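Colleague: Thanks for sitting down with me over this one. Could you walk me through a few of its side chains?

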Amino acid sequence: MNSISQTPVRLRIFHTNHSLPRSVSKPSFFFSLPSSPSHCNSTTPQVRRIVVASMSYDKQLDAAKKSASLAARLCQKVQKALLKSDVQSKSDKSPVTVADYGSQAIVSLILEKELPSVSFSLVAEEDSGDLRKEESKETLHRITELVNETLAGDGMSDISPLSEEDILIAIDKGKSEGGPHGQHWVLDPIDGTKGFLRGDQYAIALALLDEGKVVLGVLACPNLPLGSVACHDQHNPESKVGCLFFAQVDAGTYIQSLDGSSTTKVLVSPTDNPEEASFFESFEAAHSMHDLSSMIARKLGVKAPPVRIDSQAKYGALSRGDGAIYLRFPHKGYREKIWDHAAGYIVVAEAGGIATDAGGNPLDFSRGRYLDLDTGIIVTNQKLMPSLLKAVQESIKEKASSL
């Protein structure tokens, strides 16, 4: 007897005389049905009923949400201790090191546990090389302790306690190179390490690639307010923080609190007026050329000052309409990594937004661990993109000619 794949599919139906909508993404398979009996002598164009059967990634999404949420819990514990401590200075990177490695270990362990029948490939930022050195023994012990505490606190005693070697092996699962074939998880265990050290914004960013395309993404943002960043009062104890954004291809983007509240579908800002469009950029000037962003804003007529936030939390905030534009222009010589954008990219795209490089080219996550880009990344809604792209390209030329 021939075996039949049990992978769930999602059906979408389009009535059209033309090709499939651009929003239809692979991996999908298509077949068409006549919408009515054919009439040989009819001169009326026949309307085809096109059924698009897209792969469902529900199980993978559930595993991604669980792993990112648990990683966020570990990171929150480390950040809380950091901010209370009189000993740690802002230049001391040991707390973020512990959280970074611990986050990656947890995501790796949970994904493998929740998806045991799937070949596991993880493209991630860290490896265990430094942790295996003699001077890192204390750090490794603390990471192991934290991971075990976090897993036990979630009732996952079946995979804990873990040894230090177990943690090192889990971290090293992130050595995959990715690429255009097969499925690959993409992880930034703490995106926004400087924000983390300041007690500000950071994100656990996890995405899944299938045949080189981003098909789901999760952003766990422990310090991002549940309401708009523009209205948030950090001194008000009633202002709740801790967001989990998640998106699946052809299924939209949703937000819930990190404590597991009910989900809400989100959409990018619908504005088509650049003057009303506030924009996000990196908090650190070392991460993006603020002067170029200012030139672009002036050309567009943007009146609001930039909102500067660390990490892919910017993608999450943009996906729910807190702002309308995100500009990132790294300094010359910097190569973007896929884990810096993959999760945020699909969170915005499924909320109705669009992300390209500065040349208007789509972001290509299929080329391994790096994104090869034209100058930078621009993100906005469909209506603003033409005018934004024009302003970006004119500003880049002007800046180059002034050097």
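Modeller: Gladly, and let me start with Met-385. Leaving aside neighbours within four places in sequence, Met-385 is in contact (heavy atoms within 4.5 Å) with Ile-354, Thr-356, Ile-378 and Thr-380. Bear in mind that this is a predicted model, where local features need pLDDT of at least 70, side-chain atom pairs count only at pLDDT 80 or more, and totals for chains, interfaces and linings use all residues. Residues are numbered from 1 along each chain as its sequence is written, and side-chain values use heavy atoms, with hydrogens and water left out.

Colleague: Is Met-385 buried or exposed?

Modeller: The place of Met-385 is in helix H9; helices (H or I, at least four residues) and strands (E, at least two) are DSSP runs, numbered from the N terminus. Buried means under 20% relative accessible area, exposed over 50%, and partly exposed in between (1.4 Å probe, protein chains only). Met-385 has a relative accessibility of 7%, so the residue counts as buried.

Colleague: What separates the C-alpha atoms of Met-385 and Ile-354?

Modeller: Ile-354 is one of the contacts of Met-385. The two residues are 31 residues apart along the chain, and their C-alpha atoms are separated by 7.7 Å.

Colleague: Turning to charges, how many salt bridges does the structure hold?

Modeller: Side chains of opposite charge can pair when their charged atoms come close. A salt bridge here is a side-chain nitrogen of Lys or Arg within 4 Å of a carboxyl oxygen of Asp or Glu. By that criterion, the structure holds 23.

Colleague: With which residue does Glu-112 form a salt bridge?

Modeller: Glu-112 is partly exposed, at 31% relative accessibility. The closest N and O atoms of its salt bridge are 2.5 Å apart, and the partner is Lys-173.

Colleague: How many residues apart are Glu-398 and Lys-299, and where do they sit?

Modeller: Glu-398 forms a salt bridge with Lys-299, with the closest N and O atoms 2.7 Å apart. This pair links distant parts of the chain, Glu-398 being in helix H9 (residues 385-401) and Lys-299 in helix H6 (residues 290-300), a separation of 99 residues.

Colleague: And Arg-367, which forms a salt bridge with Asp-364: is Arg-367 buried or exposed?

Modeller: The closest N and O atoms of Asp-364 and Arg-367 are 3.0 Å apart. Asp-364 is partly exposed, with a relative accessible area of 27%. Arg-367 has a relative accessibility of 56%, so this residue counts as exposed.
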